[in-house]
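Trainee: I'm new to this one. Can we go through it together?
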Amino acid sequence: MVETKSARQRTNSGPGRLLIAVYLLFAIAATSRAGLQLATKFDEAPVAYLLSGVAALIYIVAAVGLARAGHTGRRVALACCSVELVGVVAVGILSLVDKDLFPDETVWSQFGSGYGYIPLVLPVLGLIWLWRTRRAPA
Amino acid sequence: MVPVTSVGADSPVDGIVATVPIVLSLLVAVWALVAAVRHRPPDRMQFVGLAVLEVALLVLSVLALVAVGGGDRPGEPGAFFGYLVTLVCLPPLAWVLARMEPTRWGSAIVCAVCLVAPVVVVRLQQTWEVLGG
């Protein structure tokens, strides 16, 4: 029942493992959906489907980064979470302003409302987690 | 926000065969949530729950495949089979991760995965019967 309060807790244990699990679920969901869309009806909404593909890739890389922990893993996860946050906010705004840009739903449309807004919350949690597990200042 | 849609009577993923895994999954989720809140690692009950859930999902899958073998076709075959494969992989995923994390967070993982599974079952129903529009 000991909860490590250490600032040097690795990113891939404790709450981090839960975060990785959710990232994995999103990686699976986004990858299969994007793969299907790109393979079967790319012409209908190329921008939306390419974006889905990019989002899927980022979820995979973020999950791997968090799971690998270590210095490189952290930097990879940090980059992914930042891109995700910017992406979900930008696409969220764009999808409200200009509906024609994304004729079909993507993971990030309407701030991820189709996925219970988890795409919006996830990168924030990721960044908080990376911050809390940062190296204690010497 | 996943709207629950009525599925035609001929759908093999409707009725009791879908209701049982949904209810089971939610029960395990609640049980795991209570454990996580109480700082408890995944207990035997959660693993048994995951195993029973997996059996229920396999029954659902077999019935769906039998229907497909019998000539029925899902509205969106690609998405339908994608969801089906994902669905049967969820309990094992939760199992493995929960084994790796014998803390309250392991229980939290079981809870999270068991909240996702019912959503996937509903999506499965929606992709069998494509609704107009």
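This is a predicted model: local features need pLDDT of at least 70, side-chain atom pairs count only at pLDDT 80 or more; totals for chains, interfaces and linings use all residues.

Trainee: OK, how many helices and strands in chain A?
Mentor: Chain A has four helices and zero strands. Helices (H or I, at least four residues) and strands (E, at least two) are DSSP runs, numbered from the N terminus.

Trainee: What box do the C-alpha atoms of chain A fill?
Mentor: Roughly 50 × 30 × 25 Å, taken along the principal axes.

Trainee: And what share of chain A is buried?
Mentor: Buried residues are 39% of the 138 in chain A. A residue is buried if 20 or more other C-beta atoms lie within 10 Å of its own, exposed if 12 or fewer, and partly exposed in between, with C-beta atoms placed from the backbone.

Trainee: At what angle do H3(A) and H4(A) cross?
Mentor: At roughly 145°, with the axes of H3(A) and H4(A), residues 118-132, coming within 9 Å. Axes are lines fitted to C-alpha atoms, for helices over the stretch in contact, and angles run from 0 to 180 degrees between N-to-C directions. The residues of that contact divide into 12 nonpolar, one polar and two charged. Ala, Val, Leu, Ile, Met, Phe, Trp, Tyr, Cys and Pro count as nonpolar, Asp, Glu, Lys and Arg as charged, and the others, Gly among them, as polar.

Trainee: Switching to the two chains: how many residues does each give to the contact?
Mentor: Chain A gives 16 residues and chain B gives 16 residues. Two residues are in contact if their C-beta atoms, placed from the backbone, lie within 7 Å. On the side of chain B that touches chain A, helix H3 (77-100) and H4 each supply at least two residues. That side has 10 nonpolar, five polar and one charged residues.

Trainee: How do H1(A) and H4(B) cross?
Mentor: The axes of H1(A), residues 15-41, and H4(B), residues 104-128, come within 8 Å and cross at roughly 20°. The two helices are therefore roughly parallel to each other, the cut-off for that being an angle under 35 degrees.

Trainee: Which residues make that contact?
Mentor: Among them are A:Leu18, A:Ala21 and A:Leu25 of H1(A), and B:Trp105, B:Ile109 and B:Val116 of H4(B). The contact divides into 11 nonpolar, no polar and one charged.

Trainee: Is H4(B) enclosed or open?
Mentor: H4(B) is largely enclosed by the rest of the structure, because 20 of its 25 residues are buried.

Trainee: Now the serines. Where is B:Ser25?
Mentor: B:Ser25 is in helix H1 of chain B, residues 16-37. B:Ser25 counts as buried, with 27 C-beta neighbours inside 10 Å. Not counting residues up to four places away in sequence, B:Ser25 touches B:Leu53, B:Cys114, B:Ala117 and B:Pro118.

Trainee: And is A:Ser95 buried or partly exposed?
Mentor: A:Ser95 is partly exposed, because 19 other C-beta atoms lie within 10 Å. A:Ser95 sits in helix H3 of chain A, residues 70-97. Leaving aside neighbours within four places in sequence, A:Ser95 is in contact with A:Phe102, A:Ser109 and A:Gln110.

Technical notes: Residues are numbered from 1 along each chain as its sequence is written. Chains are lettered from A and ligands numbered from 1 in the order in which they are written. Angles under 35 degrees count as roughly parallel, over 145 as roughly antiparallel, 65 to 115 as roughly perpendicular and the rest as oblique.
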